[in-house]
Structures are given as C-alpha cells and as structure tokens.
Amino acid sequence: MAINYLNPLFEVVRNPDRCIKCRVCERQCANEVHHYDPDLDRMVADETSCVDCQRCVTLCPTRALKIRPNENQFRENGNWSQQIMDEVYKQAGSGGVLLSAMGNPREYPVYWDKILLNASQVTNPPIDPLREPMETKTFLGKKDQSIHYDENGKAVYEKNPYLELDVPIMFSAMSFGSISKNAHETLARAAQELGTYYNTGEGGLHKDFYKYGANTICQVASGRFGVFKEYLDTGAAIEIKMGQGAKPGIGGHLPGMKINEEISKTRMIPKGTDAISPAPHHDIYSIEDLRQLVLSLKEATNWEKPVIVKIAAVHNVAAIASGIARSGADIIAIDGYRGGTGAAPTRIRDNVGIPIELALASVDQRLRDEGIRNNISVVVGGSVRCSADVVKAVALGADAVYIATAALLAMGCHLCRSCNTGKCNWGIATQRADLVKRLNPDIAYKRLVNLVHAWDHEIKEMMGGMGINSIESLRGNRLMLRGIGLTQKELDILGIMHAGE
Amino acid sequence: MNYVIIGNAAAAVGTIEGIREVDKTGKITVISEENYHTYSRPLISYWLMGKVTDKNIYYRSPDFYEKNGVETMFGCRAVKIDTASKSVVLSDGNTIPYDKLMVATGSKPFVPPMNGMEKIASCHTFMSYDSVKAIRSEITEGSKVLIIGAGLIGLKAAEALNEYKADITVVDMADRILPSILDVRAGSIMQKHIESKGTKFILGTSVDEFSEHSAKLKNGATVDFDMVIIAVGVRPNTELVADAGGKVERGIICDLTQKTSLDDVYAAGDCTVSHDASSDTDKILALLPNAYMQGEVAGRNMAGVETRYVNAIPMNAIGFFGLHIITAGSYDGEEYVEENGNNYKKLVFKDGLLKGYILMGDVKRAGIYTSMIKERIDLKDVDMEMLKDRPQMMMFGKARREEKLGGIFR
Amino acid sequence: MLKKEGETRIPAGCAISGFINRSGRRTNGSVIVNSIACMHDRSNGLGGGYAGYGIYPEYKDQYAFHVFYDSNEARIKTEAFIDRHFDVINLSRIPTRKHPNITDEPLIWRYFVNPLPTKLQESQLDERTYVARCVIKINDKIDGAYVFSSGKNMGVFKAVGYPEDVGEFYRLDEYDGWAWTVHGRYPTNTPGWWGGAHPFALLDYTIVHNGEISSYDANRRFIEMFGYKCNLLTDTEVITYIIDYLNRRLGMPLEDVAKVIAAPFWSEIDSGRFSPEEVEKLRHFRNVYSSLLITGPFSIILGFNNGIMALNDRLKLRSMVAAEKGDTVYVSSEECSIRTMSPDVDRIWSPRGGEPIIVTLDK
Amino acid sequence: MKKVYVNEDWCLGCHLCEFTCAAANSGAPDMIKAFAGGKKPVARIQIEEGSAVNFAVQCRHCELHPCVKGCISGALSVKDGVIVCDEERCVGCYTCVLSCPYGAIVIDGAGHKIRKCDLCTQNSQGEPACVKACPNNAIVFEER
C-alpha cells in the first residue's frame with residue numbers, strides 16, 4: 001500500500017473514567033469511527049474518517065467524548081498552511097476537483113459584524129415591544145403605486161401578485177435530494193406555522209408536501225427537475241434559479257446513488273441516474289431570454305404568482321439586478337458568497353462571488369437611483385446568521401432575508417461540511433433511511449419555529465429600541481446603521497456613515 | 001349478596017378479587033381447613049430453601065381480608081353442600097348459608113398404596129406449608145432422602161432439600177424426568193443438570209417394598225433413607241360437589257363462567273377440569289395462574305357480571321438449580337428444535353399456528369410465544385425466521401406492533 | 001463646527017398650534033402668536049415660524065414665493081431664474097420689525113408670480129408640478145437662496161428665535177387669515193438656520209411638526225425616487241413631500257393619506273371593525289405604500305389650499321389636543337394654548353393616534 | 001393514564017433508553033457511578049433492533065396484566081394503574097415472563113429475579129427516564 005499522506009483532521013478524546021461502553025457513539029457514527037473492542041473491553045476510535053460532526057459527543061450520555069483538531073502539525077509555514085498542503089496531497093492522490101459543502105468558511109470580512117445599530121435616546125422614545133404593537137409583516141412583490149378614485153370616491157387600484165410574510169425571514173432553496181425528506185418536511189411545517197415560505201430547491205416537490213403549497217416557493221432551475229404544471233400551480237411563488245452564492249457560475253450534481261425511488265419520482269428522472277443541472281439555463285443566454293422565461297412562467301400560472309429570480313452576488317450584481325427589475329420578475333433573491341450548498345468545488349466556493357452586504361447595498365441603491373425599487377422586492381441570503389443580521393439587511397434595503405444554514409443548524413447540523421458524502425449523521429443531508437430517521441420533524445420543526453420566533457422577538461426589540469414599530473420603516477433606513485472599522489470606500493458602498501458621525 | 005368460598009389459595013383469592021371488582025359490599029366468607037392467612041402453595045419449596053421468609057410466603061398482604069371485607073373461618077372443614085337450603089355444612093355441624101358458593105378446594109397429594117409404607121420412619125408429602133414445616137423440623141445435613149416421583153413437585157423438593165446438603169435419590173416409574181412438561185431431550189438435559197448438583201435418579205422402576213429406613217426397588221436395588229417424600233401426583237378435591245350431585249369427571253366440570261352443574265355453585269382451580277385451547281381437550285390444569293384467573297372470572301360472575309374464561313392452556317415456568325424452563329401449549333405438531341449446551345428450544349407448529357414450546361436455559365420474553373398460542377396468531381402474519389430466532393415483537397407486522405406497543409388501533 | 005440643516009440630520013422637539021375657521025372668516029395673526037407664546041418652554045429659541053392661509057386676497061391667483069437670500073448675489077441669480085420661468089406680478093422685501101431677539105436675518109423677499117405659459121407648456125408638466133420643480137431647483141442648485149413659501153394666497157414666516165418673537169418680527173398683526181399654524185422649535189444640535197425653521201412648505205402645503213420620526217431614512221430614500229430632493233434632512237421636509245406625493249401627485253384624498261402615513265396596526269386591521277372592502281384597501285396600502293409609513297413620534301398640522309389636517313403618529317407618542325368653538329377648530333400641543341385663543345371652547349378632546357382631523361372650508 | 005409509548009418510525013436503536021433506565025433504577029446517583037467498575041445494572045426497557053426498524057419495549061401496564069394474575073409470590077401488583085414489582089418478594093419463578101404477551105418482563109440473571117418498568121414511580125426520576133433520554137422523541141409519555 002502506498003503512503004497515505006493525509007492525516008486525520010481530528011482526534012477523538014475519550015475519557016475512560018466516564019465511558020460506560022454503552023456504544024451509542026458506535027451506533028450513531030455513520031463514518032464508523034468508533035468500535036467496541038471486546039478483547040480490550042473498551043471503545044476504540046479510527047479517527048481517519050471522523051468529520052467532527054459532533055453526533056457522538058452530543059449523544060454520549062456521560063459526556064465522555066471530545067473531538068478536537070489533530071495536534072499533529074506540519075512544519076509551520078505562513079504561506080503553505082497545513083490545509084493547503086493537505087489539499088495538494090489529496091489532489092495528488094485523487095487527481096480530482098476538491099469538493100466541499102456548506103458555505104465558504106474562509107476568514108473574509110463579515111460586514112454584518114462591522115455595522116452597528118442605532119437606538120433612541122431622549123429626543124424620541126424607544127418602544128417596548130411587550131407593551132406596544134410591533135409589526136414584522138412583510139409583503140414581497142411589485143409595488144405598483146398608481147391609484148385613482150372613481151366618482152363615488154372609491155379607491156381603484158390594481159393588485160400585483162405578492163407573498164405575505166409574518167416575519168421577514170424565509171427558508172431558502174434546498175432541494176429534496178440534497179437534504180432529506182424529513183428535513184423538507186421540517187422546513188415546510190415550520191414555514192406554515194410561522195406564516196412564511198420555504199423553497200423546494202431544484203429537486204421538485206414530493207407529493208406528500210403539496211399540502212404545504214401555500215407556504216412553498218417552487219424553484220425552477222437549469223435542470224428543470226420535477227417541474228411540471230401541477231408543481232408550478234401548487235406553490236405560492238416560482239423562483240427561477242440563475243445562480244447560487246456558494247457556486248456562482250456552475251450547476252449542480254446530485255450523484256446517482258442518492259437518487260432513490262422517492263427522489264427519482266419527485267425529480268422525474270430515472271432511479272440511480274446522476275441529476276446534473278447545467279451551469280446556465282440553456283434557454284437563457286441573456287437578460288431578454290430571462291424576461292421570456294419570467295413571462296412564460298407567469299402565463300403558465302395564470303399571472304397569479306409572483307416570480308422570483310435568484311442570482312449569486314457577483315461583481316456587477318447591481319446592473320444585473322437592474323435588468324431583472326425590468327424583466328417582469330416580482331422579487332429578486334441575491335445569494336452572497338457565504339451561502340451554503342450540499343456540494344461545491346472547494347475552489348469555487350471559497351473564491352467566487354462577493355459578500356451579500358455589499359451586494360445588497362449596491363443593488364438597493366442602484367434600483368433607487370433608477371427609480372425602480374418599487375418594481376421588485378429584494379430578498380437576500382448567503383449567511384444571515386442572527387436577528388441582528390436580519391435587521392441590518394433590512395436597514396440596508398432588503399425586504400426580507402433567506403436563511404438556510406441557520407435553519408439547518410436549528411435542526412441539528414453542526415457544520416461539519418460533509419454533506420457531499422451523503423452520510424449526514426444528523427439525518428439532514430442524507431438519503432440513507434437509517435440516518436434520515438434521526439431527524440424527527442416533530443422535534444425539528446418546533447426548533448426551527450423557536451429559532452425564527454426568537455429572532456422575531458429580537459428584531460422587534462431592536463426595532464423598538466430604534467423607535468420603529470413596523471418593519472417597513474426600517475427598510476432601507478440606513479441612518480440606523482453606522483460602520484465600524486470600515487474604509488471610506490466600504491462605507492460609501494454600504495451607504496452608511498461611520499460610527500461617531 | 002352473601003358469598004361463601006371454600007378454600008383459601010389462589011383460586012379463592014382470585015374469587016375475592018373478582019367479586020370485589022364488581023361488588024364492593026357483599027358479604028364474603030372464606031372457609032379454610034388450613035389455619036393460615038392465604039399463602040402461595042408453590043412458595044413452600046422456596047420457603048424450605050430459605051429463599052422465602054415466613055413473612056413473604058403469604059400470597060397477599062396481612063390486611064388482605066380486612067381490606068376486602070372478608071370474614072375468615074380458618075381450621076374449619078366443609079363436609080357438605082346443601083343445595084336445597086343453600087348452605088355449607090361444617091365438620092362441627094354448623095351450617096353457613098350462601099347466595100353464591102365458590103368451591104376452591106384444590107387438590108391433595110396422591111399416595112398410592114405401596115408395600116410396607118406404614119413402616120417408613122419418616123414419610124411426607126410436599127403440598128402444604130405444614131408439610132414443609134414438618135420436613136424442615138426433621139432434616140439435617142447429610143440426611144438421606146428418597147423422593148418418589150420425578151415430576152415438578154418431587155424435583156422442587158429435591159432442589160429445596162439440596163440446600164441442606166441432603167443425600168437425595170429420586171425414583172420414578174417413568175424412564176425420564178418431568179414427562180408432563182418436557183420432551184425426552186429436554187428432560188435429559190435437565191436430568192444431567194440436576195445430577196451435576198448431586199441428586200441421583202433411579203428411573204424406570206418403583207418401590208417394591210419399604211422398610212423403616214430403606215426401600216427395595218423392583219429393579220433389585222435398595223435405597224436407604226432417613227426420610228421419604230411421596231410426590232407422585234395429586235388428586236382434585238371434588239367430593240363436596242360430587243356428593244351434592246354436581247357433575248364431576250376427573251375434576252369438577254364447569255361452564256365458561258366457572259359455574260358447576262349446581263345452581264349458584266362455582267368452582268375454580270386445581271379441583272376443576274379446564275379446556276386446553278392449544279390441544280382442544282379437557283384436562284386438569286393445575287397451575288397457579290389458571291387457578292387465580294378462573295377464580296377471578298368466577299367471582300365476577302358470582303357478583304353478576306358475566307365473564308368467560310377462555311384460552312386456558314397448559315403452561316409452566318419453573319426452574320431447578322438455576323436452570324429455568326418455560327413451556328406452554330401442546331407438543332403435537334411439526335417441531336423446530338435448537339439446542340446449545342443447557343439452552344434448549346422447541347417450537348411446535350400445527351394448522352398454521354404455534355401450538356406449543358419448550359424453552360430451557362434462555363427463557364427471555366417467552367410470553368410472546370405464549371400469547372401467540374393463546375391468541376392463535378396466524379403464522380402467515382409473522383416473520384418465521386424471527387419467530388424461530390427468539391421471541392420478539394419485531395416478527396409481527398407494523399400494524400400489530402403499533403396496536404400492541406403504541407396503543408394505536410387502526 | 002456645527003452643521004446646519006441639509007448637512008446633517010437634526011432631531012428636534014417642538015410645540016405646534018393652529019386653527020381654521022370653516023366659513024373662511026379671517027383672524028388676525030396676533031391670535032396665533034399669543035397661542036404659541038404660552039408654550040414658550042417647548043421651544044429653545046432656535047426656530048419659530050407661521051403659516052397663514054387667506055392672507056393675500058389681493059394676489060390670490062399668484063404663487064407667492066417667500067425667499068431667504070444669504071447675499072445679493074444669490075438674489076440676483078435667483079431672480080434671473082424666476083424671470084426665466086415666471087411672470088413676476090409683484091416683488092418686494094417682506095416687511096419686518098426690528099426685534100432685539102431676532103438677529104442675523106438674511107435678505108427676505110417676496111414674489112407674486114405666474115408661470116410663464118410657454119415655459120410651462122415646454123415642460124410638459126402640470127402647473128403645480130412645474131412650480132414645485134422650480135422651487136426644488138432653486139433650493140437645490142442656487143447657493144444661498146432658499147424658497148420657503150410657494151403657495152397661493154398663503155405664506156410662511158419663519159426665523160431663528162422664539163416663535164412669539166418671530167411673529168413680532170414679521171409683523172403678523174398686520175395679516176389676517178382663515179387659518180394659521182405655528183411652530184416653536186427645540187432642536188438639539190443646530191446652530192440655527194432660518195431655512196431650517198418650520199413650517200416647511202411646498203406649494204400650498206405647509207407642515208408644522210412636533211416629533212422625531214424613526215422612519216426618516218426609509219421615507220427619504222423612497223420619496224427621492226420620485227423627483228424630490230430632501231435637502232434639509234428634516235422630518236417636516238420629508239413629510240411634506242410624502243403628502244405632496246400622495247395627495248397631489250397620486251390624487252389620494254387626505255383621509256387615505258393618513259391611512260398610509262399613520263397606517264392602522266395589523267391588529268386593528270384584523271380586528272373586524274373595518275368592512276372587508278376597507279380591509280382589502282388597508283392591506284393594499286400597507287403593501288404598496290409601505291415605505292411611506294411614518295413611525296416614531298409625530299404630531300403634525302398640515303395646511304393646504306382649503307383646509308388643515310392634524311395627525312398624530314399611530315402610537316400617539318406626542319401630545320396633541322383639538323377643540324371646537326362655533327365654526328373654528330383649534331389644534332395644539334397643549335390645551336393651554338387653545339385656551340388663549342378661545343377660553344371657553346364648545347368641545348375639547350385628544351385625538352387618537354393615527355386618526356386625522358381634517359377640516360376644510362365650507363363651500 | 002399516561003403511559004410510555006414508542007414510535008418505531010423515530011427509534012434509532014441507540015440504546016440510550018436502556019442505559020438510562022438501568023442507571024435510573026440502579027440506585028446510583030449518576031450514570032457513571034451506575035456502571036462504574038464493570039457493573040451492569042439491568043434495564044427495564046429493551047430495544048429490538050432490525051435492519052430498518054428499531055423500537056423499545058417495556059411494560060404496557062395493560063388492563064389484563066396476566067403477569068400480576070399469574071404471580072405466584074404476590075410480588076407483582078397494580079398500584080394506581082402501574083404494575084409494580086416488590087423485588088424483595090420475587091422468587092424468580094418467571095411465571096410473569098411466561099405470561100407477558102409483550103415480553104416486557106426482564107430477567108435479572110444475576111439475582112434470579114425479574115425487573116420491570118414501573119414508569120419510574122419507584123425511583124427519583126419523576127418522569128420516566130427513558131422518555132427524557134430519548135434523543136429523537138421516539139419514546140413519549142402520554143395519554144392515548
């Protein structure tokens with residue numbers, strides 16, 4: 001056997017004084033790290049396959065386990081980090097493209113953390129959300145301002161299709177296939193209870209979930225998986241996926257081994273075949289083609305449903321957004337470069353795209369400069385991590401946010417970033433029946449509802465502090481924001497002043 | 001309502017508890033020849049072994065009669081049922097009137113006539129608290145004990161006396177032990193196990209003649225003893241019902257409500273004939289659970305709520321010297337056998353049903369098999385491989401599991 | 001160096017007062033001056049101002065521009081602009097009275113103008129939009145010039161100082177109007193700039209406002225999409241533009257304007273007290289005009305060509321009382337000020353948050 | 001009456017219920033002590049493991065309670081609907097094992113006695129320990 005250059009990334013630390021050899025770690029590890037050795041009468045670990053998903057740590061009833069980074073060190077090198085070296089070894093061994101999952105983990109600046117919020121003092125009162133109404137209901141869609149009054153003084157106006165959100169938070173696209181059926185059920189039920197929407201992703205909609213249609217956004221992606229009339233009719237809105245923050249410019253690939261009976265039916269492709277979404281929509285090579293698809297989908301659904309166009313945040317996002325705002329679409333969803341994925345080439349995930357904060361700021365300003373902000377609602381995603389991020393996004397100009405990674409965390413995901421292996425120990429990014437069952441939607445949906453409720457409470461607290469009692473008065477209210485530690489260029493792009501100004 | 005119960009063991013307690021499920025106030029009188037609070041007859045061997053104390057031999061708590069409003073007449077022997085006047089006549093001539101009468105008289109040891117029996121220095125049966133108390137008072141370390149009968153009672157006696165380091169010999173006419181519950185192979189495993197603990201067996205022969213301290217066997221051997229225990233079987237106490245004109249065959253005949261052929265007279269326990277659902281035959285099922293449940297059913301009927309006793313089958317849970325046996329049903333049918341050391345399993349199938357089983361050694365969860373026999377579960381509905389592997393709920397379909405375990409009925 | 005309005009956003013507390021006579025009877029300006037004088041402590045001497053309606057009956061068909069000039073140069077530039085776009089019927093300095101507390105006054109001029117028909121036609125705008133655009137243009141483009149009043153048969157008078165002093169300064173006892181509003185200012189960080197005093201006016205819309213709206217930048221960034229330019233960064237300015245947009249440009253009656261800017265809470269909309277049709281409209285308003293919702297404390301009196309509207313924010317975070325005496329309706333931050341104008345009113349009440357009081361001239 | 005129910009759709013077969021049950025009824029203050037020194041306390045709940053399906057089985061506290069009716073020593077009784085075992089009185093005859101249709105009576109091989117679920121009414125858990133321990137809500141304590 002050749003030399004294995006790859007070191008285990010992690011060490012399993014087991015406290016023998018605490019281990020009772022119940023073997024729950026062994027039973028729960030899909031990577032088969034733990035074993036009971038009857039000769040030694042103790043648990044042993046093969047760390048090479050450990051991904052640090054923390055399932056064993058979490059379930060160990062005596063807290064006997066710890067997973068920590070392997071202390072083994074290559075010789076220190078400021079340029080050639082151990083990770084870079086490991087990747088070279090990996091590729092020298094495999095000859096393949098490096099694959100990763102979930103969002104870009106690199107230490108790029110997080111602009112959310114460099115923006116501070118305002119609060120009222122003296123000259124106007126903060127509002128206590130426990131005593132006064134505090135509103136977070138949000139409408140998404142074109143906002144046609146025209147109105148006239150008939151001879152009886154009755155207002156006459158036209159209504160554009162819209163989405164109505166009780167909280168300005170939706171669950172962004174994750175396909176059935178990339179995540180499990182139970183994960184989909186969790187999202188659907190949570191969206192229903194929360195009065196918001198989840199997104200099918202590009203994998204179609206399982207028949208069992210048609211009943212959640214009123215809270216479902218049906219995605220149409222370049223692979224067109226599972227897209228047919230009834231699917232489009234079932235959802236509350238249609239999303240055309242042009243790109244994804246985690247992998248701008250490339251398509252998707254769900255390996256055939258994950259295409260089981262149910263996924264095959266839902267995606268309308270043969271069992272066991274790879275599901276490959278092309279990088280572009282082959283009927284959209286330009287903006288006018290997009291307009292045709294938007295209008296076709298509207299025509300197909302009787303002009304009753306808002307159409308969302310989702311793009312990855314790339315360098316000229318503002319111009320693209322301007323085009324989309326004039327395409328007939330009702331909502332634009334922009335996905336930042338930290339957005340998650342079930343699988344992406346590592347280099348793309350870590351090096352392509354721009355931060356959502358900057359993309360949002362420039363898109364919102366551009367649309368206002370062109371006087372077309374009303375044509376379209378702006379939804380942003382790609383690492384909205386907490387309620388403060390939501391507040392900052394809305395104040396920068398977003399109508400609502402998409403969350404996905406946070407939603408998965410609520411379900412138990414520990415961001416081990418191994419979704420692509422299909423062996424998710426938390427039952428989320430897997431199709432293995434024994435693993436899928438680990439995600440009990442009864443528990444998970446309540447956790448997800450709790451999370452969003454908690455965020456909603458916090459959003460209301462922060463709004464109240466600013467003296468704002470309705471989310472629409474926060475939208476685009478950049479005076480409520482100040483930058484900290486940002487350059488003038490960054491401040492200009494964000495359209496905010498520096499703290500102290 | 002005036003209830004009278006003759007007898008004070010499991011069937012009697014079942015009757016009391018059955019009556020009280022329905023009728024909280026009616027008068028209940030218990031007439032018992034034995035002068036004890038109700039005690040568990042099977043516990044006498046454990047008592048003799050010292051595993052059960054005087055306090056714990058009792059089948060129900062000391063306040064059982066008080067709590068259930070029961071009047072007791074201990075040390076009183078019923079000699080006659082006067083159906084005309086609806087009363088029980090006692091040996092002292094007193095009469096006890098009843099509205100509903102329970103005959104739970106149980107059985108007595110069968111002692112066959114044998115030559116020279118009257119010469120035996122110490123001869124006991126093994127059926128009552130008094131009998132083991134008498135044995136206890138005589139037994140000493142090294143005592144030579146001859147047990148006649150290698151059935152359940154004889155071997156339980158042997159196990160108990162082994163605690164006293166007695167020198168035990170068991171003689172039985174049959175050529176194997178426990179023939180009523182074990183097949184040849186299982187009997188042989190158990191025999192070896194018991195022998196390994198020091199008990200000797202002389203099988204296939206019987207006593208030709210006793211003298212004071214020895215027995216000459218028909219096969220020519222002689223066995224010396226300090227004590228003889230006769231454990232060849234029991235006979236139901238049916239006289240009271242028979243004398244009153246009630247229908248009696250091998251035991252008292254009852255209908256499904258446990259009523260005898262006499263009006264307002266019920267019977268339960270070892271004195272009655274039961275219907276074995278596994279073999280569809282009538283037989284005496286001298287088993288404590290059976291006695292209790294018959295009593296309970298009878299009690300409910302006596303108190304006016306019609307209840308039927310069905311699905312009785314022969315079944316035994318017993319162990320000797322740490323080797324446990326659980327058996328149930330009948331052994332007539334197609335067999336599946338597994339053997340591994342002291343572990344022995346036999347499953348008997350007939351008519352697409354599990355009819356009976358023997359588990360020895362590993363007896364875990366045997367009740368699942370028992371329920372299959374009692375509930376006549378079609379083998380088509382179970383996973384046969386799992387069934388053969390071990391008793392498990394997994395062998396049933398999801399729907400049945402949900403019904404059984406989840407309380408979800410579809 | 002302190003920044004003035006337009007360079008930074010200045011929150012301010014204030015007092016407001018106003019009244020209207022429904023039958024169009026004109027009342028002397030001294031009445032409104034007295035009403036604000038009694039709320040002296042609500043101002044801090046950094047701004048006061050008035051709007052009077054019906055004060056120029058002799059020029060009732062002309063737009064009356066009141067203009068501050070920092071310099072003659074600015075005046076010359078502005079007058080050239082006005083000449084290019086309007087036919088000037090009359091021009092003069094606005095008469096003032098020397099007052100010890102009013103200092104550093106700019107040049108204050110008044111023009112009664114008609115739009116030049118050719119220019120108006122060229123612009124393809126309706127007349128009022130044309131005038132508004134011109135006013136916005138002067139204010140935005142000509143350094144040192146500021147048109148602070150531009151309606152017909154009405155005028156705004158404002159200055160840095162206590163409002164009662166401002167009233168004397170402008171000799172309001174020499175004007176009679178069927179409606180008056182007044183504002184006393186308590187800004188927290190301004191050096192005091194005459195243009196920054198209230199009322200804020202565009203055409204005949206004037207706003208006096210007490211409050212500090214928390215929705216300011218959301219409103220500003222939205223309304224600026226429609227050709228407005230919020231130079232002053234003040235609440236009154238953006239509120240005026242919003243009302244101008246909704247009322248004048250979209251044609252929305254003031255009752256509905258109130259339902260946009262002080263929209264009922266969802267809990268009220270869903271409470272069942274509105275008809276299904278009304279619920280549908282309110283939902284539509286909250287969807288489509290959501291960026292024009294004003295949150296945070298405000299009490300405003302809007303003056304317009306034939307009436308006034310008083311409105312509180314929907315939580316009523318600022319005081320405002322209203323009263324009626326005969327055919328006159330009074331609105332003020334405090335009851336005491338109403339009592340100075342009419343000691344024994346027929347009815348006095350505290351309007352609920354979000355419920356407008358709209359009073360117009362009888363036909 | 002509230003009982004412990006197992007939903008096999010969610011049972012992972014992790015066996016945490018067994019270990020928690022064993023510890024809870026061991027008398028030891030925590031799980032580590034309960035199993036310290038190679039001790040193997042007996043669980044009153046048992047997992048049945050299949051290839052796709054797992055579930056836990058414990059006493060159903062059924063109305064018929066053949067175990068109580070057949071108990072030769074009087075060790076088993078019904079207290080407020082809960083079938084409890086007086087372990088001091090149990091002689092280990094296993095008649096209850098023979099009778100229980102669910103196979104829910106557990107044999108404590110070491111002591112030749114039986115152990116059974118009493119819904120944690122006789123220990124300090126308050127609520128059944130298995131329910132609290134189940135990571136996937138497969139075991140619930142509820143009225144049905």
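In this predicted model, 56% of the contacts in chain D between residues at least 6 apart in sequence join residues at least 24 apart. Chain D builds this from five helices and eight strands, which run β-α-α-β-β-α-β-β-α-β-β-α-β from the N terminus on. The radius of gyration of chain D is 15 Å, close to the 15 Å from the globule rule for 144 residues, so chain D is as compact as a globular protein of that length. Its C-alpha trace spans about 40 × 40 × 30 Å along the principal axes, and 62% of the 144 residues in chain D are buried.

Chain D also splits into domains. The assignment gives domain 1 as 1-58 + 120-144 and domain 2 as 61-116. The C-alpha centres of domain 1 of chain D and domain 2 of chain D sit 18 Å apart. Where these domains of chain D meet, ten residues of domain 1 are in contact with eleven residues of domain 2. On the domain 1 side of that contact in chain D, there are four nonpolar, four polar and two charged residues.

For a closer look at chain D, take D:Ile47, a residue of strand β2 (residues 46-49) of that chain. Beyond its neighbours within four places in sequence, D:Ile47 is in contact with D:Gly13, D:His15, D:Glu18, D:Asn54 and D:Ala56. D:Cys17 is 30 residues away from D:Ile47 in sequence, yet the two C-alpha atoms are 8.3 Å apart in space.

Chain B has its own set of overall figures. Chain B carries eleven helices and 25 strands. Its radius of gyration is 23 Å, close to the 22 Å that the globule rule gives for 410 residues, so chain B, too, is as compact as a globular protein of its length. The C-alpha trace of chain B spans about 60 × 60 × 35 Å along its principal axes. Of the 410 residues of chain B, 49% are buried. As for contacts in chain B with a separation of 6 or more, 62% of them are between residues 24 or more positions apart.

Within chain B, helix α9 (residues 367-374) has eight of its eight residues buried, so the helix is largely enclosed by the rest of the structure. The buried set in α9(B) consists of B:Gly367, B:Ile368, B:Tyr369, B:Thr370, B:Ser371, B:Met372, B:Ile373 and B:Lys374. What covers them? The cover includes β21 (315-320), β22 (323-329) and β25 (353-360) of chain B, along with α4 (95-99) of chain D. After α9(B) comes B:Arg376, with a positive phi near 50°.

The buried residues of α8(C) are C:Asp256, C:Val257, C:Ala258, C:Lys259, C:Val260 and C:Ile261. Their cover includes a piece of another chain, β9 (155-156) of chain A, together with α7 (235-249), α10 (276-288) and β14 (307-312) of chain C.

Between chains, the contact of chain A with chain D takes 16 residues from chain A and 16 residues from chain D. On the chain A side, α1 (24-28), α13 (433-436) and α14 of chain A each give two or more residues, and α1(A) has the largest share, three residues. The chain A side divides into seven nonpolar, three polar and six charged residues. Other pairs stay apart: chain A and chain B do not touch, with their nearest C-alpha atoms 16 Å apart, and chain B and chain C do not touch either, at 40 Å between nearest C-alpha atoms.

In soluble globular proteins, nonpolar side chains tend to be buried together. Here the largest nonpolar core has 450 residues, and A:Ile334, B:Val103 and D:Val97 have the most contacts inside it. Helix α14 (residues 441-465) of chain A gives the most to this core, nine residues. Leaving out its neighbours within four places in sequence, A:Ile334 is in contact with A:Ile311, A:Ala313, A:Val317, A:Ile356, A:Ala359, A:Leu360, A:Val363, A:Val378 and A:Val380.

Key:
Residues are numbered from 1 along each chain as its sequence is written. Chains are lettered from A and ligands numbered from 1 in the order in which they are written. This is a predicted model: local features need pLDDT of at least 70, side-chain atom pairs count only at pLDDT 80 or more; totals for chains, interfaces and linings use all residues. Domain bounds come from an automatic or database domain assignment. Two residues are in contact if their C-beta atoms, placed from the backbone, lie within 7 Å. Ala, Val, Leu, Ile, Met, Phe, Trp, Tyr, Cys and Pro count as nonpolar, Asp, Glu, Lys and Arg as charged, and the others, Gly among them, as polar. Helices (H or I, at least four residues) and strands (E, at least two) are DSSP runs, numbered from the N terminus. A nonpolar core is a set of buried Ala, Val, Leu, Ile, Met, Phe, Trp, Tyr and Cys residues joined through C-beta atoms within 7 Å. A residue is buried if 20 or more other C-beta atoms lie within 10 Å of its own, exposed if 12 or fewer, and partly exposed in between; C-beta atoms are placed from the backbone. The radius of gyration is taken over C-alpha atoms; the globule rule is 2.2 Å times the number of residues to the power 0.38.
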